[in-house]
Amino acid sequence: MNNIDIDILKEEDLDEVSRIEEETFSTPWSRDSFKDTIDNDNTLYLVAYKDGEVAGYAGLWQSLDEGEITNVAIDSRFRRLGIAYKLMNILEEKGHERGINAFFLEVRESNDKAIKLYEKLGFKHLGKRKNFYEKPREDALIMSKIINKENI
């Protein structure tokens, strides 16, 4: 994974992050939604750069010692390079630094690649949210990773 750098989301990244979001999700977040996360103390958004280009991003919302992972997306040109894995690991590390001990996320039931990634990262299945997604309508799997505080 040479030439992969990870940094905090900045305003100059917003156009590329928004483009990737629109290409990846059927109901994408707006550029303004990402812009609102930059100065919010309860959010943490990371951007991956491959050879200086925005290659992907991942983010979470924090509530006390819990983090809800909201978005993980990799530009189609940079998939299968381990970027999502690296982003998620660093997101978790930075979350720990903020006091997060439990991470949660929803993922489309049909998104086998993402589910395998989250399982590889130690996430467990908690349950389902019926009809959580639209375009197309689909259930979401709820996954979590609880960190044993003694092991941190």
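Helices (at least four residues) and strands (at least two) are taken here as DSSP runs, numbered from the N terminus. By that count, this predicted model has four helices and seven strands. Followed along the sequence, they come in the order β-α-α-β-β-β-α-β-α-β-β.

Let's look at the overall form. A compact globule of 152 residues would have a radius of gyration near 15 Å, and the protein agrees, because its value is 15 Å. Of the contacts with a separation of 6 or more, 59% are between residues 24 or more positions apart.

Some whole-protein values, for quick reference:

| Property | Value |
|---|---|
| Span of the C-alpha trace along the principal axes | about 40 × 35 × 30 Å |
| Residues that count as buried | 43% of 152 residues |
| Accessible surface | about 8700 Å² |
| Share of that surface on carbon and sulfur atoms | 45% |

Now to the aromatic side chains. The structure holds six aromatic pairs. One of them joins Phe34 and Tyr57: the ring centres are 5.4 Å apart and the planes stand at 80°, so this pair is edge-to-face, the cut-off for which is over 60 degrees. Phe34 sits in helix H2 (residues 31–38) and Tyr57 in strand E3 (residues 53–63), so to speak two distant parts of the chain, 23 residues apart, linked by the pair. Phe34 and Tyr57 are both buried.

Conventions
Residues numbered from 1 in each chain as written. Predicted model: local features only at pLDDT ≥ 70, side-chain atom pairs only at ≥ 80, totals over all residues. Heavy atoms only, no water. Rg over C-alpha atoms; globule rule 2.2 N^0.38 Å. Buried < 20%, exposed > 50% of the residue type's maximum accessible area, 1.4 Å probe, protein only. Contact = heavy atoms within 4.5 Å. Areas by Shrake-Rupley, 256 points an atom, 1.4 Å probe, with all protein chains shown as cover. Phe/Tyr/Trp six-rings, centres within 6.5 Å; stacked < 30°, edge-to-face > 60°.
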